[in-house]
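Dear colleague,

Please find below the structure that I am handing over to you. My notes on it follow directly after.

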Amino acid sequence: MPSWEDFKPFIVTGLALGGVYALSGVGMVVLYRATGVLNLAFGAVGAMGALLSWQLINHNGWAEGPAFLFCVLFGGAITLLYGVIFGPPLASRDPLVKATATLGLALILLGIMDLVWSDKARSMILPTSNHGFEVSRVFVNYTEVIAIAFGLAVMVVTALFLRFTKTGTAMRALANDREITATLGVPVRRVEAAAWLGSGLLSGAAGLLLSNLVGLDAATLTFLVISSLAATLIGRLRSITVTFFAAIVIGLVNALITPILSISQYRDMTPFVLATIALLVLSGRRGSALSGRAG
Amino acid sequence: MIEINDLTVRFGGVTPLDQMTLTFPHGTNGLIGPNGAGKTTFFNVLSGFVRPAKGSVTAFDDNLLSMPHYRRARWGVRRTFQTEQAIEDLTIYDNVLMVHEHSPKQNRGAREDDVHRAIKFVGLSANPQAKVGTLGAADRRLVEIARAVVGKPRVVLLDEPAAGLPDEETQRMGEVIQKIPEEVGALVILVDHDMSLVSACCTKTAVLDFGKLIASGDTPDVLRNEQVKQAYLGTEAAA
Amino acid sequence: MWIPRLDAGDRVRAGVISLLLAFVVIVLPQLLSGYWVTVCTSVAIYAIVALGLGILMGRTGLVSLGQIALLALAAWVGARLFFATNLPFPIVLLGSGLITMVLGTLVGLPALRLSGLYLALITLMLAGAITVVLRTTNFPNGGHGFLGHTETDRGAASIRRPAIANGDTAYLRYAILVAALMFLLALIHVRAKPGRAWAAIRQSESAALAAGVNVTLYKMWAFALASFLTGVAGGLLAADSGQLFITTFPTSDSITLLAVVLMGGIYSLWGAVVAGLLMQLLPALLNNWGVAADWLTIVFGAGVLQVLLTAPQGLAYQFPHDMARLGRFIAGRVGRARAPARERAG
């Protein structure tokens with residue numbers, strides 16, 4: 001059994017990854033609650049944004065700051081575009097259909113990324129990764145700090161936003177019942193657009209951070225969304241707080257298993273195992289699949 | 001007959017069914033009431049989709065509520081729904097066959113006879129091998145009735161079986177429904193808003209309003225009842 | 001109850017399909033060169049996988065986002081059986097089919113009571129888990145231990161093929177025949193009691209329950225059938241490749257499979273054939289013409305969106321419709337051309 005010293009560095013990386021999973025997870029849950037769409041292309045959007053940033057820096061001579069900003073904005077723009085074009089015609093369909101449609105977007109983005117950039121190894125280092133500080137003899141770089149802090153901030157701000165602002169309340173109403181909300185005079189399309197945009201910006205940010213923490217590779221970044229999905233599942237696609245904590249736990253456990261050599265190779269199973277356990281507990285408690293309905 | 005005793009359903013702050021106590025005799029029974037009165041909830045209790053907070057349902061001396069929902073169809077509860085549920089991708093024959101093959105076992109020959117008999121009973125003239133998706137609304141509704149009467153059902157619940165049909169088809173539907181208790185041997189409960197259909201088919205009728213039973217008895221008397229009329233029209237009941 | 005009735009139309013269709021099958025088995029392999037033989041074998045194998053997914057999606061509305069991971073697992077099982085036993089090839093295929101069926105059903109069991117979206121996500125989660133495990137344990141290559149894998153510098157042992165179909169061309173014929181059998185198995189299901197129950201469930205679960213259908217059982221059955229089919233395909237794939245690597249089963253393939261199944265059409269068994277062609281033949285064709293296969297990924301993505309937006313029945317529904325219309329058009333033309341001749345003769 002490894003010692004405490006062996007675990008310490010992984011606490012930081014775990015928290016950092018968990019932070020990014022958290023901000024992705026929260027982004028996906030908010031969008032789902034407002035529009036019924038679970039955006040499975042969340043990772044692909046972020047990946048493409050990161051690759052575009054890389055391209056701008058290394059081939060078009062952009063400075064890093066504007067390029068990173070571009071990544072975030074690109075995420076917002078593409079997601080918003082998708083939401084505006086494909087949201088309304090699919091609005092009345094089952095959430096499963098809506099989620100499957102986002103897979104179409106994911107494939108399109110994956111195809112473009114493979115076409116333009118193929119799978120050559122690349123790296124993009126944020127300036128904050130080169131500076132940091134020491135805590136208890138473990139080096140923490142600022143990118144990791146940003147990841148943790150941002151994840152927390154997103155959770156808090158989103159919770160406050162949903163509760164206290166007009167648009168946020170409208171989003172919660174939409175999640176409850178789209179038709180009734182429309183009849184109340186809420187500008188449904190505009191509120192949904194806000195949800196799409198916000199969630200998209202978060203996917204750009206997540207892509208940027210992950211390209212730093214994990215690596216700049218289209219497939220890896222695209223499918224890392226599965227770890228965030230695990231967190232959203234544990235939060236039952238409803239609770240932002242649970243999603244946040246689940247994401248942190250997933251990131252932590254995943255990283256902390258690294259020094260335990262006997263199971264270290266299987267550590268990437270963490271999100272799946274935790275999500276499956278959570279879902280089994282869920283289905284056990286729910287009892288009959290058909291719940292009572294009024295009428 | 002079916003004895004309902006003190007049947008109550010609660011969801012959150014709403015009570016869709018409130019202490020319903022009633023006996024449905026053999027034959028065709030009507031169950032009417034304004035929208036939201038609890039009629040579909042009542043059917044959902046009988047089907048097993050909704051668990052009541054309290055009360056009992058005894059059908060032909062069997063405790064219906066103790067059976068899980070998929071057993072009830074096997075026991076003999078059949079039901080049609082407000083929205084069309086005949087399976088469009090299957091033929092008329094397969095639609096009716098499907099219900100029959102999920103009931104108590106019978107040999108193949110008897111099954112085919114039963115299916116054809118049910119199709120003939122409702123008076124469907126279309127080719128049994130035609131896909132239901134190609135039929136018109138009236139024929140689709142008849143397919144649903146055929147599915148409800150095939151085999152040996154004991155209780156047939158009809159939820160607005162003629163919804164959306166013009167008068168002539170509704171009348172035809174009524175004639176079919178009237179035959180069910182005698183020719184099929186099942187107890188029928190009919191929920192509908194069409195009073196002419198209810199008075200044509202049902203000997204006895206019960207009325208629900210806001211989950212409470214406000215009248216029951218011979219159909220003509222019930223339909224003339226002041227309280228019933230006011231429940232529908234929404235005016236305050238006379239003191 | 002089990003044997004579906006065949007009417008006149010069915011008999012004609014059966015005749016046509018038999019002729020087509022005879023052509024594909026006997027004539028086609030002779031016409032193809034080495035590379036295309038292996039491509040067509042892949043088409044046959046992935047058509048079986050697509051068949052499983054199509055039944056799951058088209059008949060019960062359940063979506064699996066991890067069929068390729070299940071295929072990888074099935075290939076592992078197949079390879080293990082091939083190396084560990086001396087059982088005849090068909091028995092091993094059956095074995096890998098059954099074992100995969102059991103595993104797939106166990107997975108489905110607790111998840112079936114959750115909503116469709118949750119089920120899809122669980123399949124995604126489990127696919128990820130399988131991929132992680134397989135990446136570490138690798139595939140059997142004739143080595144020792146339970147995992148049957150030994151790291152070796154020399155070439156590893158090749159997974160065996162049936163004695164009668166060792167060469168690539170012969171194996172193609174074998175694969176097509178197995179595929180035909182699998183389609184027949186699926187057809188028997190669809191035309192009989194399970195198919196009717198699935199149609200009812202697809203229309204409305206509560207109405208199906210009210211009609212006495214044991215919805216959970218039939219969903220499980222669909223899962224079991226899809227898993228069995230994938231299991232058989234996995235065995236075929238193992239023997240086809242000779243050596244297996246995790247790179248043969250990328251996560252994105254599960255999504256691509258979903259896309260081609262949707263595009264091929266989930267309500268018709270032919271859709272699975274179209275799906276196999278889309279997924280395995282088109283990329284090979286594109287590669288041959290010097291076009292990057294990534295363009296196909298983009299097309300598939302667009303295809304998913306198009307199908308979900310407009311024609312949920314997919315191309316396999318449109319295609320026979322268009323063919324029928326073309327047939328009528330031709331018949332009309334021929335009729336008009338013949339009429340004056342008949343008049344002259346009469």
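Which residue of β7(B) does Arg79(B) stand opposite? Arg79(B) stands opposite Leu157(B). Before the rest, a word on conventions. Residues are numbered from 1 along each chain as its sequence is written, while chains are lettered from A and ligands numbered from 1 in the order in which they are written. This is a predicted model, in which local features need pLDDT of at least 70 and side-chain atom pairs count only at pLDDT 80 or more, whereas totals for chains, interfaces and linings use all residues. Helices (H or I, at least four residues) and strands (E, at least two) are DSSP runs, numbered from the N terminus.

Confidence

The model scores ipTM 0.88 and pTM 0.85. For chain C the mean pLDDT (the predictor's confidence in each residue, from 0 to 100) is 84, and 86% of its residues reach 70 or more. Where pLDDT is low, the predicted coordinates should not be read in detail.

The sheet of chain B

Six strands of chain B form an open sheet of mixed pairing, in the order β6-β7-β8-β3-β9-β10; two strands pair if DSSP finds at least two bridges between them. The edge strands, each pairing on one side only, are β6 (77-79) and β10 (212-218) of chain B. Neighbouring strands are turned by 20 degrees against each other on average, direction ignored. β6(B) and β7(B) (residues 155-159) run parallel and are joined by three bridges. Helix α9 of chain B (residues 226-233) packs on the sheet, where it touches β9 (204-209) and β10 of chain B. The direction of α9(B) makes about 130 degrees with that of β10(B); axes are lines fitted to C-alpha atoms, for helices over the stretch in contact, and angles run from 0 to 180 degrees between N-to-C directions.

Chains B and C

In chain C, 16 residues are in contact with 21 residues of chain B. α7 (193-203) and α8 (205-210) of chain C each supply at least two residues of the side that touches chain B, and α7(C) gives the most, with six residues.

A helix of chain A

Helix α10 of chain A (residues 225-234) is mostly covered, with ten of its ten residues buried (20 or more other C-beta atoms within 10 Å of their own). Just after α10(A), Arg236(A) takes a positive phi of about 60 degrees.

With kind regards

Key: Two residues are in contact if their C-beta atoms, placed from the backbone, lie within 7 Å. A residue is buried if 20 or more other C-beta atoms lie within 10 Å of its own, exposed if 12 or fewer, and partly exposed in between; C-beta atoms are placed from the backbone.
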